[in-house]
Amino acid sequence: MELEESGVQLFQQGAEARVYLSTFYNKPCIIKERFAKGYRHPSLDEKLRTRRTSQEVRSMTKCRKAGIRTPTVYSVDNVSCKIIMEHISESNTVRNYINNIHQHENVMTLSPVAETIGQILAAMHDLDIIHGDLTTSNMLLTGSTENQFQITMIDFGLSYCSGLTEHKGVDLYVLEKAFLSTHPQAEDMFGVILSSYKKTSGKSAEVIKKLDEVRLRGRKRTMIG
């Protein structure tokens with residue numbers, strides 16, 4: 001594992017993992033390290049961290065094989081629960097991109113981005129990959145809508161494989177809730193995402209039906225308090 005240890009810099013600190021910037025064989029890279037949790041039993045903690053690390057790599061690899069953009073995985077250490085992966089340079093989160101467009105341009109210019117997101121999610125769900133944490137912060141955009149742009153899906157730390165429409169519906173619901181809370185000014189964008197999802201996925205009818213059921217359950221919980 002050829003890392004430049006002197007160049008390792010903490011980039012983000014999350015509840016489950018730390019993310020570092022470094023280089024791997026002279027290539028810019030991200031190191032994601034799942035750290036031990038002291039409140040968990042050591043053997044359980046090790047199993048959880050190892051399983052989630054392995055599942056994250058499997059999901060990313062499966063996506064890439066199907067043509068869905070994710071960071072390239074360079075190396076995996078299941079003992080220390082570290083993943084060394086490609087650093088997507090000169091990118092912006094879709095969250096920041098939407099907020100910037102809202103401040104300076106008409107949000108309708110976001111339609112191509114929304115359509116692409118819908119296509120990506122449909123392809124992932126047709127592969128039975130559930131992301132588990134769909135937010136616009138976990139989508140990186142490179143390029144621009146004026147010419148060629150690409151979206152890379154990141155942070156598969158809560159991902160898993162499932163063919164159940166319930167899980168796919170919940171995945172979409174998580175993204176919808178994220179839009180309502182983070183991008184209320186671009187609420188219509190989620191409708192474009194769903195429309196694109198329906199056109200792309202061969203199994204969309206059942207998933208959208210399940211999404212409606214999940215929405216209803218969510219509203220009932222809100223009413224009950």
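Two residues are taken to be in contact when heavy atoms of theirs lie within 4.5 Å. In this predicted model, R34, a residue of strand β3 (residues 27-34), is in contact, once its neighbours within four places in sequence are set aside, with E16, A17, R49, R52, T53, E56, S80, C81, I83 and G157. Two of these residues, T53 and E56, are also joined to R34 through side chains: a polar contact of 3.4 Å links the side chains of R34 and T53, and another, of 2.9 Å, links the side chain of R34 to that of E56. With a relative accessible area of 4%, R34 is classed as buried, because the limit for that class is under 20%.

Helix α4 (residues 165-182) comprises 18 residues and extends 26 Å between its first and last C-alpha atoms, close to the 26 Å expected at 1.5 Å a residue. The residues of α4 that are buried are K168, G169, D171, L172, Y173, L175, E176, A178 and F179.

Helix α5 (residues 188-200) has 13 residues, which should span 18 Å at 1.5 Å a residue, and the 19 Å that separates its end C-alpha atoms agrees with this expectation. Buried in α5 are M189, F190, I193, L194, S196 and Y197. When α5 is viewed down its axis, these buried residues fall within an arc of 165 degrees, and they therefore line one face of the helix. On the face of α5 that is turned away from this buried side, the exposed residues D188 and K199 are found.

Notes. Residues are numbered from 1 along each chain as its sequence is written. This is a predicted model: local features need pLDDT of at least 70, side-chain atom pairs count only at pLDDT 80 or more; totals for chains, interfaces and linings use all residues. Side-chain values use heavy atoms; hydrogens and water are left out. Helices (H or I, at least four residues) and strands (E, at least two) are DSSP runs, numbered from the N terminus. The expected span of a helix is 1.5 Å times one less than its number of residues. Buried means under 20% relative accessible area, exposed over 50%, partly exposed in between (1.4 Å probe, protein chains only). The arc is that of the directions from the helix axis to the C-beta atoms. A polar contact is a pair of N or O atoms within 3.5 Å; within protein, one must be able to donate a hydrogen and the other to accept it, and residues adjacent in sequence count only if both atoms are side-chain atoms.
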